[in-house]
Amino acid sequence: MSDALKKNDQRVVLPSNEGANSGALALADDARAATRRGRSPSQLIWLKLRRNRTAMIGLYTLVTMYGAAVLAGFIAPYSYDSARHDLSFHQPMLTQIHLLDEQGRLSWPFVYGIIPVDPQLASYRYDTSAKYPIRFLVRGDSYRILWIIGSNVHLFGVDEPGHLYLFGADQIGQDIFSRILYGAQISLSIGIIGIVISTIIGMIVGGVAGYFGGATDFALMRTVEVLLALPSLYFILILRQLFGTGMSSTQIYVNIVVILAFIGWATEARVIRGMVLSLKEQEYAIAARAMGFSNWRIIVRHILPNTMSFVIVTATLSVPFYILGEVALSFLGVGIQPPEASWGNMLTAAQNNRQLNDFPWVLIPGVFIFIAVMAWNFLGDGLRDATDPRTLS
Amino acid sequence: MKTFLIRRLLAAIPLIIVVTFVTKALLVASPGNYLTNIRLNPSISPDYVKRMEQLYHLDSNNVFERYWYWFWPAVQGDFGYSLTKSAPVWSLIGQRVLNTLLLTGSALVFSWVFAIPLGMLAAVYRNRWLDKVIGFISFFGLSIPSVFFSLLMILFAAKTGLFPAGGIHDQVMWEVMTPWQKLVDTGWHLVLPMIVLGTIGMAQYVRQMRSEMIETLSQDYIRTARAKGLSEWRVLTRHALGNAINPLVTLFGFSVSTLLAGALLTEYVFGWPGLGLLVFDALSDKDEPLVMASVVMLVLMLVIGSLIADALLAIIDPRIRLE
């Protein structure tokens, strides 16, 4: 009986499923036509997305960045906290990778050994007698990938005592290139985890408020309004104060994610509530109610899935909020603390005017924040166009 | 209009109460207070700390009691003394609020002045190269982190010497300047933070303006206006612009909060002595009266910001009545 009901239920639901709100009717027709050709709505969206060049650039950039973050330990020549105090603020060595030796003959890329002249002034000489070829798969600092695979083999590097600073060094001689890769693990993952948490909260609150209405709706929506009215960054700062410093880096990380998600769910909840208000009057929702399904089941299985394309677009466009939130907190000194690397706390070095002026490469992490945020915006914009029923051809 | 304004301002009161209460609760719940560091100082007698604790009502952990000690004098207009700066909080906040308003206000003007023509151009030259360039500019503004942008600007200022690298006025010469020189000096210091804050806001407006304009230009009354033989300029400015601009005003109401948050970071990086910087310092010092008064000011600014947006909307769009 229950199986038969399920089948019946699905037959009722599927056709009207996409016709959730009037705007999506076109999508529904199109989706039905597509289904006949054997293409699901999500395949259609993917096909449209693939034709959008900027969106694909964004997607590829993100895949590269997140991939590099996962493999940070392997790609980075050094560990995030391996310091060389005698090589403070060494300049980027991209231009110091030599292809020609002293006789002018072409040779395997190499760098010269660094001799500190006055580390206070970041002035260095190069020992032309000591050549360190750049080698692949060298052994160095040990690391773990995804907490599981431990190793000490790095993609590239030079033998000790030579040192390779692709993007230069920070104040205590840590390799900025390596720290950017490790920082990506924190700064980029906060975006994903934060958006997952706040989307779940937003969907539940929006779904409940819209479906039940009445006093529940009133109470939840007033909370949402207060959250939206607050100047978020100030509130985040106050919340960070509440938990104080003296925390381990993992605790701070969790703390930041939770605070950002706690602020971020409100927008999503408000719009989903609006959609649910109209969705719950659709025939299939009424049918589901008539069949005696529980409210919870109707919300989760029948109504919320219809908000999915909207949710995915908003979520993609909101990821930058979390990335920039972490950057702001860490930059202000209340986020991720050194020696742990994050893109925000690496920029703190640039707050000092002399360091910014003399060693502008401390700004390089900012370029990566910019690229990551831009890539998310590209992808989100593309997704919005791809899911817009008016543009479906 | 009048009743609308009064009703909106009255509606702000519960909001202020909720927000200040939450702030107070968080301050009470957070470990340590202003006296924590003072207590560690051996040259200050425990008796004195005790007296201070009673004076500032820091001895109770009851949120409602603590809130009441702040709330009741505040209702009567007494927001107390700053703990760290030993001055009435209003004397500290007043100038700061003006500075923040100067920064955010000029940034707003900057973003509107550029966003409207750029958005219109992008819509008129839709899908041509000009549209693509403007699209890129707005993506740039949307994506660049304000911290990074501010730092780039400071680097630019330091390398070229064209602009001062932070602060609100010249530290050395300020005292001996004539009023006119003071004005010029402040304006000169304002340029870079204004560009940073303004560009970030501009991006949103350009995109909105472009899509609204495209929508408007496809309307029948635009075709009618063109058919009447009006010049394209007149069609755009008189017939299209007024209709396309409404959603922008609504967007402005929503973006006040973003603007103030952005102002905090810009003020921090540029050393611009605004409200944001004050709140940040007060929070680190746990200067409760100062934090509370600043929070009241922030909420007020937000409420007034969205009020202005609504009033503007009613002025430019006769279809909207505010009763």
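Visitor: What does chain A average in pLDDT, and what share of the residues score at least 70?

Guide: The pLDDT is the predictor's confidence in each residue, from 0 to 100. Chain A averages 82, and 89% of the residues score at least 70. This is a predicted model, in which local features need pLDDT of at least 70, side-chain atom pairs count only at pLDDT 80 or more, and totals for chains, interfaces and linings use all residues. Residues are numbered from 1 along each chain as its sequence is written, while chains are lettered from A and ligands numbered from 1 in the order in which they are written.

Visitor: In what order do the strands of the open sheet lie?

Guide: Strands of a sheet pair through backbone hydrogen bonds, either parallel or antiparallel. Two strands count as paired if DSSP finds at least two bridges between them. The open sheet of chain A has three strands in the order 1-2-3, with antiparallel pairing. Its edge strands, strand 1 (98–100) and strand 3 (123–133), each pair on one side only. Eight bridges link strand 2 (residues 106–118) to strand 3 of chain A, where Tyr132(A) is the bridge partner of Val111(A).

Visitor: How many bridges join strand 4 to strand 5 of chain A?

Guide: Seven bridges join strand 4 (residues 135–145) to strand 5 (residues 149–157) of chain A, running antiparallel. Val138(A) has His154(A) in strand 5 as its bridge partner. Three residues lie between the strands of this hairpin, in which Leu146(A) takes a positive phi near 55 degrees.

Definitions and conventions:
Helix = DSSP H or I, 4+ residues; strand = E, 2+ residues; numbered from the N terminus.
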